[in-house]
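Grab a pencil and work through these exercises with the structure open beside you. Try each task before you read its solution.

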Amino acid sequence: MRHSVKIAPPNSLLFISDPVGGVVPEWKRGAQILSSPSCISFGCMAFMDGETEVTLGAGREVDPGGIPAFDGVLETPNRAVVVSTVERKTILDASVPDRRTRVRIWGNRPTEPDQVIIGLG
Amino acid sequence: MRPDFERYLRPQPFDRKYSPDQPRDDHGRWTDTGDSADSAGAETTELSAQSRRGPVPVRINGRLMDATPAQAARLAVAEAQARDAVRRVQELDPKWRPTPGLHETVEGQIQNLQAQAAQAQARAGELARVGIGPGPFAGESLTARGPERDFMVIERREINRIGAETGCHTCGTFDPGTRSGNFVPDHEPPNALNPTGRSQRLFPQCSPCSSRQGNWITRNRGLR
């Protein structure tokens with residue numbers, strides 16, 4: 001099941017993690033996507049310039065083709081994934097079958113994407 | 001003759017010095033003077049400050065100690081400065097605490113408080129460099145209408161004008177780092193660190209500093 005939302009998140013930043021949270025990765029200048037074993041952060045279109053459409057779903061359903069900007073494994077001890085903002089607002093969530101979940105992220109451009117697809121599994 | 005010569009002739013309240021008949025507490029401080037309660041309180045304070053000669057009791061780590069009047073005054077100033085500096089940092093970083101020092105003397109406590117104020121100032125500088133609080137390059141700013149990000153055209157234009165004149169308030173760059181070329185209107189204090197709804201101002205910020213600010217806030221507050 002895929003879900004989408006359009007949002008102009010504060011700081012143009014969103015986080016993917018287990019619902020109980022995770023260790024936010026260290027910031028690095030110029031990096032659009034950062035990750036730790038329990039949290040992934042990614043940049044969106046500058047919030048004052050417009051909204052970003054974020055889609056979350058099973059990888060086989062949402063895969064748009066092409067090389068993802070991120071491909072890694074996220075700790076999901078509660079068998080769920082949430083996408084949240086700096087202000088702790090959950091904008092999307094999904095159940096996953098395992099305690100570790102493959103996460104792929106596709107953006108429609110390298111910086112400030114206004115379309116982001118998150119594939120799980 | 002000076003037109004105010006009479007004030008040099010007429011007895012003034014502050015001219016009254018020691019009187020053995022006045023009631024005092026265990027530390028030798030006056031407990032009452034004058035006729036009315038209000039004026040007595042005010043006068044007692046002034047007279048005590050004017051005429052103290054002996055040691056002043058101060059409480060340090062729960063123990064009463066004797067301080068000179070000068071030490072007591074410096075201690076009060078150091079306490080106020082440390083309290084104010086720590087409070088300003090904790091408004092932005094509630095978990096932060098200054099490192100407590102060991103001290104057993106009045107001078108030790110004064111130095112400890114001065115060190116705490118210095119630590120707080122250093123922490124405020126660190127926060128400013130990661131975009132928490134007005135940064136070292138902050139110039140003009142706008143009054144934020146609220147925490148919302150529904151910026152009006154005139155606000156966006158003014159933020160870009162200020163950014164073009166003084167740069168990103170956090171790092172000083174004149175490059176906004178955004179695809180549009182717009183500076184980010186940055187709420188200070190940041191919304192996520194403003195649960196009590198203090199008034200906020202908008203400063204121009206570049207995209208990388210905005211991202212770093214968001215990362216810092218989330219790292220320090222947690223995702224949940």
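**Exercise 1. Find the residues that touch the most other members of the largest nonpolar core, and say where the core lies.**

Step 1: this core has 59 residues, and A:Leu14, A:Ile16, A:Val83, A:Val103, A:Val116 and A:Ile118 touch the most other members. A nonpolar core is a set of buried Ala, Val, Leu, Ile, Met, Phe, Trp, Tyr and Cys residues joined through C-beta atoms within 7 Å. Buried means that 20 or more other C-beta atoms lie within 10 Å of a residue's own (12 or fewer is exposed, in between is partly exposed, and C-beta atoms are placed from the backbone).

Step 2: the largest share, 6 residues, belongs to helix α4 (residues 106–129) of chain B. Helices (H or I, at least four residues) and strands (E, at least two) are DSSP runs, numbered from the N terminus.

Step 3: domain 2 (63–129) and domain 3 (142–221) of chain B both supply residues, so the core lies between them. Those bounds come from an automatic or database domain assignment.

A note on the source: this is a predicted model, where local features need pLDDT of at least 70 and side-chain atom pairs count only at pLDDT 80 or more, while totals for chains, interfaces and linings use all residues. Residues are numbered from 1 along each chain as its sequence is written, and chains are lettered from A and ligands numbered from 1 in the order in which they are written.

**Exercise 2. Work out the strand order of the open sheet in chain B.**

Step 1: the 3 strands go β3-β5-β4, with antiparallel pairing. Two strands pair if DSSP finds at least two bridges between them.

Step 2: check the edges. β3 (142–143) and β4 (184–188) of chain B each have a single partner strand, so one side of each has no neighbour in the sheet.

Step 3: count bridges. β4(B) is joined by 5 of them to β5 (residues 201–205) of chain B; B:Asp186, for instance, has B:Phe203 in β5(B) as its bridge partner.

**Exercise 3. Which element of chain B gives the most to the side that touches chain A?**

Step 1: the contact takes 25 residues from chain B and 26 residues from chain A. Two residues are in contact if their C-beta atoms, placed from the backbone, lie within 7 Å.

Step 2: on the chain B side, β4 and α6 (207–221) are the elements that give two or more residues.

Step 3: α6(B) comes out on top, with 11 residues.
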